[in-house]
Structure formats: structure tokens, C-alpha cells
Amino acid sequence: MLMRLLSGDAPRSRVLALVLVAILVGLALAPWLFPGTRSLNVAAKVAVFVLLVASYDLLLGYTGIVSFAHTMFFGIGGYGVGIAMAKLGAGWGALGLGVALALALSALLALGIGLLSLRVKAIFFAMITLAVASFAQILASQLSAFTGGEDGLTFRLPEALQSRLAVYYLVLSVALVLFLVLLRVVNSPFGRVLLSIRENEFRSEAIGYRTVHYRTAANCIAALFATAAGALYALWLRYIGPDTTLSFTIMIDILLMVVIGGMGTMYGAVLGATLFVVAQNYLQDAMKLASDGLAGVPLLANLLHPDRWLLWLGVLFILCVYYFPAGIVGRLRK
Amino acid sequence: MKADWIPVALVPLVALAALPLVGSTPSWVTLTVAGLAMGMMIFIMASGLTLVFGLMDVMNFAHGVFITIGAYAAATVLRAMAPAMQAPSLAANLSAILPAILAAMALAGALGWFFERVLIRPVYGDHLRQILVTMGGLIVFEQLIHVVWGPEIIPLERPATLSGSVLLGDAALERYRLLAVLVGLAVFAAMWLLLNRTRLGLLIRAGVENAEMVESLGYRIRRLFVGVFVAGSALAGLGGVMWGTYQGSVNAQMGMQVLVVLFIVLIIGGLGSVVGCFVGALLVGLTTNYTGFLAPKLALGSNILLMVLVLLWRPRGLYPVGKA
């Protein structure tokens, strides 16, 4: 039963299994284990980012495609919910319509970008997606009558979702189910073809797989899951704006999470997202202590300044790319 | 090989097409000079990126850091020499600007050397890891800039003799923009001469065509790689000084913000082509300024539209290079 749920892809390491169970239990019981608004916020963000990073792992880790447009799809999901709820009112119909339209738009865009640019080199795709993503950011801030511009939109949720706990469990359960679906996707025959494209594109083409079709399909699937994650995030925040979903900073965060957690493992997304979001919220406190302790030393105190936590994750990121391509999960499985 | 002049002709064509739309000739002249100046600065920043890609098949996503660090280095030098900057004499201004530019190019070049040596060398030929590692370098060095220079935006003022405008008929032309056009032309001419009229340039062009062949003929292509990478980074530093001065301030994200435009220029020009990069940069500069005047809401997106149009016409850019 459990193996079926995990699509036969067991953690294959006792420590990893324990950590995953701990994260799941922690998230499931978060309102009781870690009371307080801030920690519930952290827990919800972890759930959303696990899904978002896992969908990015499908692209980067399993298919070997670097896309910088993932935040665009994340944003489309968020704006779909946000615009529908703000303009049509706080009903389930509006929510459904917003999500459906966002999913359709994402699929269409991912298909278009894929067909236009997935035939060529990885670098070209990365550059094109970076340009497209920045265009999306411009659109969101320029079409202010529609998107609220830089200020974004705040909106109300349907009656049934008035309590924070209800929203939290909705977000968590949808994210968990979608994560399991992603695990199913990468362990299906389709997922094997993606892996073969990553390992040797020429050879998979020679065996008879139309690699462009498979890569485009992977691009679309990843986009759809990112859109879903964006919709969940907007639901949780009851707000949508460029900084929460579209900004390039978030794209860099996703990259850090997927590489540090472990590319091509799916479980890496869980570890990476948890570690990163917790570090984002709590590492700064620890660094503040260290920095205050070194207040007299000029450069060192700056290096440990709470705002410089990304520096250390960046160093970890580079070390991961060189020495631990499968990230933390790869280390734990050794 | 027959020279392909059609893309080059696009630049004056775009400028002429904009004349009836803009309406008044003086504003058209002002806009055209502004567009050319912007294009030249973009070219200076992008030229290293396209050369490095052409020669080594490396796309450096951290190129923006070289731009930023150049601007910061110049801001530091210029702050120390503030009196010379405000003096109304050109000689005094130059005595402040030249050391600033040298410092910017030296620091950016040294950083480029470090990047090539430490970060990129282990991942030659592996695009996925190249993108990831250079992104990592971008994150780390952007943070290090914060560590060294602090998080505040640093003002970068234009020297006294270069601010203000000259009048040409009714059109007001900013002095600084005219200077940018001159510097850009000089850099392009120098680069063109180096690539097409010297032995070194011959080797670089041969390396772009087929690196293994050059190596098998007994030339150390690795040294060429390092040299081009450092030179390209130094040019990015120079571009950073000019861009920072143009904007009037320096912040840690400026390189990354500009990088998107550089990528668009590279894609338009054809990855790896220097002439394509030059033409692409001018086209982007001109269209940005014209649309900024005609339809301000469209201005930021006009680059993307331009890129899509060019790719529909020539899917591999204006001047496709063998490898790309």
C-alpha cells in the first residue's frame, strides 16, 4: 500500500525515510506542534514550495532542462486565483474558474515556449525563458487595472475557508496529493524516457523517441504543477503580487532548493524546500547572534550579517553542483 | 563568404521608419542619439558574453556581476576623487575618470579570471552544470558586493564637463550620450580590427569555427580562452561604469537587471557573433527609446517583441554562427 502510494520509489535510506516522516508529521501537526502565526506561515510555505520545487525537479533533475520561467507559471496560478476572487467575489465558482483558466493559460504558454525553443540547445532555452519571465513580470506590473500592479491584489476567501486551519489543511493535502502524483509521473514509463533524454538525448532519439515531444510534455506538466502551487500560495496568503510569485529572487530560491536538496530525486524537493524555508525564517536569527558576537571584527561581522544568509547557501549550492550532484538525498543514500 | 548587409541596413531603416511616427525632427534626433547611446553601452556590456560563447561554448549567467563590480569599483574611485569630478575643466575630470575606468576594468577582469579558473573550468562542455554554476557564482558574488559595499544604492555622478547638453538646431543632445556613442564605436572598431586584421584575431575566429583543429595545429587554445574571458569581463566592467553613470547610481542588482536585455541582444544577433551583437544592441537601443516616446507602456516589452520578430525571420538570429 505504502509502496503503491510512493509509486515504488522508496527513499532507499533509513535516515532519509526518518527525515521525510518527521517533515510530514511536522507539517501535519504544525498547528499544535509549533503554535503561532509565524510558524504556521512557515509550514504553509514549506508545503507550497515542496510542490513547486518538485515540479521544477521534473524539468531540471529528470529531463535536464534549465528553465527560468517557472516563477511565471507559479505567478499565473496565483494571479488566476487572485484576479478571479477579487473581481468575481469570494465564491467557489470564482475559485474554480480562476484555477481552470490559469491552468489552461499555463499549458498553452508552456506548449508555445517548448515548441519554439526546446529544439535548440539548453542554453538557448534558458535564455529565452529568462526573457519571457521578465516579460511576464513587466506585464503583471503594467496591467495594473487587472493585476493591481506593484501593489498586487488582496481578496477574501469563501465562507468555508474563513478559518486559517481549514485553509492550511486544504493547502497541505492538495500539495501532498500533487506531490504523490508527480512521484507517479517520474516513475512511469514516461519518466524513464525523460531520464534517458537527460542521460543521452541523441541515443533516445535513435531508439525512436521523439525527444522534442517528450521535453515539451515535461515542460507542460511542470508548468501545470507550478500553476497549482501558485494557486495554493495565493489561497494561503489571501494576496497576490509580483514579489510573492513572479520575482527573479524566487526563481533563484527554487534553484537553490532543488540543487541543495538533490536533483532528480523528488525527495530532494522536500528536503531542499524545508531546509531553505526554515533557514530563510530562522537562520537569520542565529546569524544575528553570531554577527553581534563578532561586532568588533569589520569584514567578518558583515559576512555573518543576518541579511547575508543567501551567501552561504550560494556557496553550498556551488559545492553541490560540483561534488554532490544528487544533493543531500544523494549523500543520505550512500 | 559574401557579406550580409541586410541586418545592418535594418538599423537606419528602423530609425527612418520612426521619423514620421515621432513627428517632430528635433525630438527624433534626440531620441535617435539616446537610442544609439544606449545601444552602444549595451554592446560594450554584451560583447564579452558573445565572444566567450562563440569561442568556448560557455554562457556565463554571472556576466552581470562583472558589470556590477565594475560600476562599484568606479564609484569607489570617483568618490575619493570628488573634487576633480566637480571641477569644470576636462583635464581634471579625466584625471578622475581614467583611473576609475582602469580600476573597474582591472577588477572585473580579475574577477573574470577567477571565474574562468575556479568556477567554469571544471564544467566545460556541460551546459547544464555551466548554467547552474554560473548562477551560483551570481548569487555568491552579489552577496559579497553587499558585504564589501553595503546594501545601500551608491550615487554615481557624471563629471562636470560631461553633464548638460549641446544644441544641434532645435535638438538637445546630452553630452554624455554623444560620448557613449563615440566610446561604443571605438570599442567596436578596435574589436573588429583585432578580430579581422591581426594574427590573434585569426586564431580567435578559427577557435570559434573549430577549437580542436586550432589546438591540433599547435596553438594553446586554453590561453586564448583565458585571454578572451578576461578581456570580455574587463569590457563588461567598462560597460558597467558607463551604464552606472548613465543611470546615476549603482546597486547590487543592476547587472542582473541588464543581463536580460543582453540575452535578448545576443539572441537577436545570433549567439557568438560580434557583428550580430552590435547590430542587435543598436536595434534594441533604438526601439526602446522610440517606443518609450510613442507608447511608454509598451517600452519595457518592446525588446521581447523585437526578439520574437527577428526569430520569426531568422530563427537563429541575424548572424548565425556555426556552433550555436
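This is a predicted model: local features need pLDDT of at least 70, side-chain atom pairs count only at pLDDT 80 or more; totals for chains, interfaces and linings use all residues.
Select I42(B), M45(B), A46(B), L49(B) and T50(B) in α2(B); they meet V258(B), V261(B), L262(B), V265(B), L266(B) and G269(B) in α11(B). By class, this contact holds nine nonpolar residues, two polar ones and no charged ones.

Now show the whole of helix α2, residues 25–56 of chain B, together with α11(B). Their axes lie 10 Å apart, and the packing angle is about 65°. Angles from 65 to 115 degrees count as roughly perpendicular, so α2(B) and α11(B) are roughly perpendicular to each other. Their crossing is right-handed.

Keep α11(B) selected. Residues 254–269 form this helix, and α11 also gives two or more residues to the side of chain B that touches chain A. Across the contact, chain B contributes 28 residues and chain A 31 residues. Colour the chain B side by class: 20 nonpolar, six polar and two charged.

Last, move to chain A. Select helix α10 (residues 189–199) and helix α12 (residues 211–237) of chain A. Their axes come within 10 Å and cross at roughly 115°. α10(A) and α12(A) are therefore roughly perpendicular to each other, and their crossing is left-handed. Show side chains for V193(A), L194(A) and I197(A) in α10(A); these meet T211(A), Y214(A), R215(A) and A218(A) in α12(A). This contact has five nonpolar, one polar and one charged residues.

Methods
Residues are numbered from 1 along each chain as its sequence is written. Chains are lettered from A and ligands numbered from 1 in the order in which they are written. Two residues are in contact if their C-beta atoms, placed from the backbone, lie within 7 Å. Helices (H or I, at least four residues) and strands (E, at least two) are DSSP runs, numbered from the N terminus. Ala, Val, Leu, Ile, Met, Phe, Trp, Tyr, Cys and Pro count as nonpolar, Asp, Glu, Lys and Arg as charged, and the others, Gly among them, as polar. Axes are lines fitted to C-alpha atoms, for helices over the stretch in contact, and angles run from 0 to 180 degrees between N-to-C directions. Angles under 35 degrees count as roughly parallel, over 145 as roughly antiparallel, 65 to 115 as roughly perpendicular and the rest as oblique. A crossing is left-handed if the near helix is turned anticlockwise from the far one by less than a right angle, and right-handed if clockwise.
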